[in-house]
Amino acid sequence: GTMSLEGPHILRCDMKRLMKQEALQCVRFACRKFKTSKAMAMYIKNRFDKVYGSNWNCIVGKDFGSHVTFCRLTFFHATYGERAVLLFQTY
């Protein structure tokens, strides 16, 4: 479909370039592979735990507010299609 042309669109990102690329790729893959927001979030969180160490958190959904504390250089917030993805690492 046209999903690949639609982003993800980054709303806010506090990550170095390579981590940001990984996040974008990971979000694209998860959204294509899984049907539910929960499955997408689980995949993205587990992938980042594996690659970048533990304590990653991922929230995926169509309507949510958030206010979080995160480690420096680990925050990613983007939209993809009708969903938003929030990914960050905590202490």
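I10 of β1 has A78 of β3 as its bridge partner. Helices (DSSP H or I, at least four residues) and strands (DSSP E, at least two) are numbered from the N terminus. This is a predicted model, in which local features need pLDDT of at least 70, side-chain atom pairs count only at pLDDT 80 or more, and totals for chains, interfaces and linings use all residues. Residues are numbered from 1 along each chain as its sequence is written, and side-chain values use heavy atoms, with hydrogens and water left out.

**Sheet**

Two strands count as paired if DSSP finds at least two bridges between them. Four strands form an open sheet with antiparallel pairing, in the order β1-β3-β4-β2. β1 (9-14) and β2 are the edge strands, each pairing on one side only. On average, neighbouring strands are turned by 10 degrees against each other, direction ignored. Axes are lines fitted to C-alpha atoms, for helices over the stretch in contact; angles run from 0 to 180 degrees between N-to-C directions.

**Helices on the sheet**

Contact means heavy atoms within 4.5 Å. Helix α1 lies across β1, β2, β3 and β4, at about 40 degrees to β3. Helix α2 lies across β2 and β4, and runs at about 155 degrees to β2.

**Salt bridges**

Side chains of opposite charge can pair when their charged atoms come close. The structure holds three salt bridges. The term means a side-chain nitrogen of Lys or Arg within 4 Å of a carboxyl oxygen of Asp or Glu.

| Pair | N to O distance |
|---|---|
| E22 and R47 | 2.7 Å |
| K45 and D49 | 2.4 Å |
| E82 and K62 | 2.9 Å |

E22 and R47 form a salt bridge. This pair links distant parts of the chain: E22 sits in α1 (residues 17-33) and R47 in α2 (residues 37-52), 25 residues apart. Buried means under 20% relative accessible area, exposed over 50%, and partly exposed in between (1.4 Å probe, protein chains only). E22 is buried at 16%. R47 is partly exposed at 31%.

K45 and D49 both lie in α2, four residues apart, about one turn of the helix. K45 is partly exposed, at 25% relative accessibility.

The side chains of E82 and K62 also meet in a salt bridge. E82 lies in the loop between β3 (75-80) and β4 (83-89), and K62 in the loop between β2 (56-61) and β3, so the pair ties together parts 20 residues apart in sequence. E82 is exposed at 59%. K62 is exposed at 54%.
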